[in-house]
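Here are my notes on the model you passed along. Have a look at it first, then read the points below.

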Amino acid sequence: MAVSNVLSYLFVIVLAPALGPADFGGYSALSTYGILLAIPAGAFQVVVARHIAAGEHTSGLRPALVIGLGLAGATVLLAPLLRSAFHLDSLWAPVLLGLTLVPMTLTGAFQGTLLGLERVKGLSSLYILTAGGRLGAALVAALAGSSVTEVFGLLLAASAITSAWGWLLCRDAADRLPSSRAGLAAELLRSNTTLAAFMALTNVDVLLARHFLTAHESGGYALASTFGRAVCWATQFVALLLVPRMQSHGAARVRLKASGLVLAIGLVTFAVVALAPRFWIGLAGGEQYTDFAGLAVACVALGTAWALAQVWLFSEMGSNSSVLGGLTWVVLVVQAVTIGFWWHDSAGQIVAVCTAGALTVAVAGLALTVLAHQAERPLDQTSALAATDGTRT
């Protein structure tokens with residue numbers, strides 16, 4: 001995942017200067033819409049892994065295909081509206097994005113199968129191919145001087161190749177595991193609700209920036225916000241590894257340790273970027289983006305808050321709960337209303353509101369985890385006494 005995250009960052013470094021701030025802003029807005037619609041792909045990864053870890057085996061391929069086709073069809077129908085909303089030059093850009101949702105959703109099911117079976121090498125190769133394929137598409141687009149529409153066509157081809165590799169990795173497991181099972185749809189709905197809340201929390205700022213800021217400013221914001229999302233990418237492996245462990249006693253203690261690791265990574269990233277922000281944003285997008293150096297530092301702080309929220313929300317999906325997910329939706333509504341009616345005159349105002357929202361979720365997750373950790377202590381003491389006494393429970 002570390003290699004995958006580096007490749008994802010290189011994707012931005014290649015594409016941002018090739019498109020320029022205005023077109024990169026349009027690409028980022030439509031891509032963010034696609035990320036939000038691809039939420040089921042992430043939910044399949046979590047839910048299928050949890051089922052397999054609990055001995056309730058399923059590959060989830062049948063519902064993954066159905067949902068992917070449904071999302072693709074809906075996006076194609078909405079293509080004219082999306083073109084207008086994001087100021088795109090062609091109707092084909094949202095159409096190609098919609099088609100990409102089918103292989104993306106199937107890949108999510110393949111990732112869940114590999115994660116649940118603890119086939120780490122296969123899962124690693126799928127992560128790397130996903131990011132590597134996107135980077136390859138960006139390199140081709142940069143060399144060919146491609147438009148935003150052509151970029152999405154290249155990404156569709158890369159996504160199809162990744163999904164084909166996932167099928168090869170999971171072919172034997174798919175043959176012996178049921179493609180669905182009773183209760184899977186209901187659990188997917190619960191997990192989708194929580195995952196959707198997290199994805200909206202970490203992506204809606206780009207859509208708001210595209211709407212309220214100028215084309216140039218929205219492109220600069222999109223690149224600066226990538227620094228924040230990079231913190232989430234760099235720490236996502238921590239959140240994912242929590243999922244199979246949420247079924248065992250001591251889960252709260254594991255979450256607390258994981259949050260400490262995520263916070264440390266975020267603080268180190270903040271220090272590195274804050275020492276030379278113009279260098280880092282110039283490296284990512286070129287001289288045309290250096291005016292957004294200070295914004296990049298603020299976005300790293302925002303990304304650290306997002307990463308902490310990610311730990312709590314993914315662990316909640318692993319334990320099949322939805323309390324924090326519900327709170328996140330409330331935060332999102334307040335955040336959208338605040339930006340929509342008042343704080344949208346600059347990129348700094350948007351970042352400030354989003355940071356306050358992310359910190360609200362992160363602090364609430366910490367409070368719930370501390371309470372759960374305290375509730376586990378009596379059992380820990382009982383287990384210790386039983387072990388000393390030589391009895392088994």
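The points go from the overall fold to single residues.

1. Ground rules first. This is a predicted model, where local features need pLDDT of at least 70, side-chain atom pairs count only at pLDDT 80 or more, and totals for chains, interfaces and linings use all residues. Residues are numbered from 1 along each chain as its sequence is written, and side-chain values use heavy atoms, with hydrogens and water left out.

2. The fold is helical: the protein chain has 14 helices and 0 strands. Helices here are DSSP runs of H or I with at least four residues, strands are runs of E with at least two, and numbering starts at the N terminus. Of contacts between residues at least 6 apart in sequence, 82% join residues at least 24 apart, a contact being heavy atoms within 4.5 Å.

3. On burial, 53% of the 393 residues are buried. Buried is under 20% relative accessible area, exposed is over 50%, and partly exposed is in between (1.4 Å probe, protein chains only). The accessible surface comes to about 16500 Å², and carbon and sulfur atoms account for 68% of it. Those areas come from the Shrake-Rupley method with a 1.4 Å probe, and for residues only the protein chains shown count as cover.

4. Helix H5 covers residues 92–116, which is 25 residues. From first C-alpha to last it reaches 37 Å, close to the 36 Å expected at 1.5 Å a residue; the expected span is 1.5 Å times one less than the number of residues. H5 is mostly covered, with 22 of its 25 residues buried. Glutamate 118 follows H5 and has a positive phi, near 55°.

5. The rule is a side-chain nitrogen of Lys or Arg within 4 Å of a carboxyl oxygen of Asp or Glu. Aspartate 205 is in helix H8 and arginine 229 in helix H9 (residues 215–242), so the pair ties together parts 24 residues apart in sequence. Both partners are buried, and aspartate 205 has a relative accessible area of 0%. Besides Arg229, aspartate 205 touches residues including Tyr221, Ser225 and Trp306.

6. There are 6 aromatic pairs. Rings of Phe, Tyr and Trp (its six-membered ring) pair if their centres lie within 6.5 Å; planes under 30 degrees apart are stacked, over 60 edge-to-face, and the rest tilted. Phenylalanine 110 and tryptophan 167 make a tilted pair, with 6.4 Å between centres and 55° between planes. That pair links helix H5 to helix H7 (residues 148–176), 57 residues apart. Phenylalanine 110 is buried at 4%, whereas tryptophan 167 is partly exposed at 37%. The rings of phenylalanine 341 and tryptophan 342 are also tilted, with centres 6.0 Å apart and planes at 50°. Separately, Phe11, Phe24, Tyr27 and Phe152 form one aromatic cluster.

7. Check the nonpolar surface patch too: Val333, Val337, Phe341, Trp342 and Trp343, with about 580 Å² of accessible area together. Patch residues have over 30% relative accessible area and no salt bridge; nonpolar side chains (Val, Leu, Ile, Met, Phe, Trp, Tyr) are joined within 5 Å, like charges within 9 Å. Phenylalanine 341 and tryptophan 342 are both exposed. Valine 337, in helix H13 (residues 323–341), counts as partly exposed at 35% relative accessibility.

Terms used: Lists of a residue's contacts leave out its neighbours within four places in sequence.
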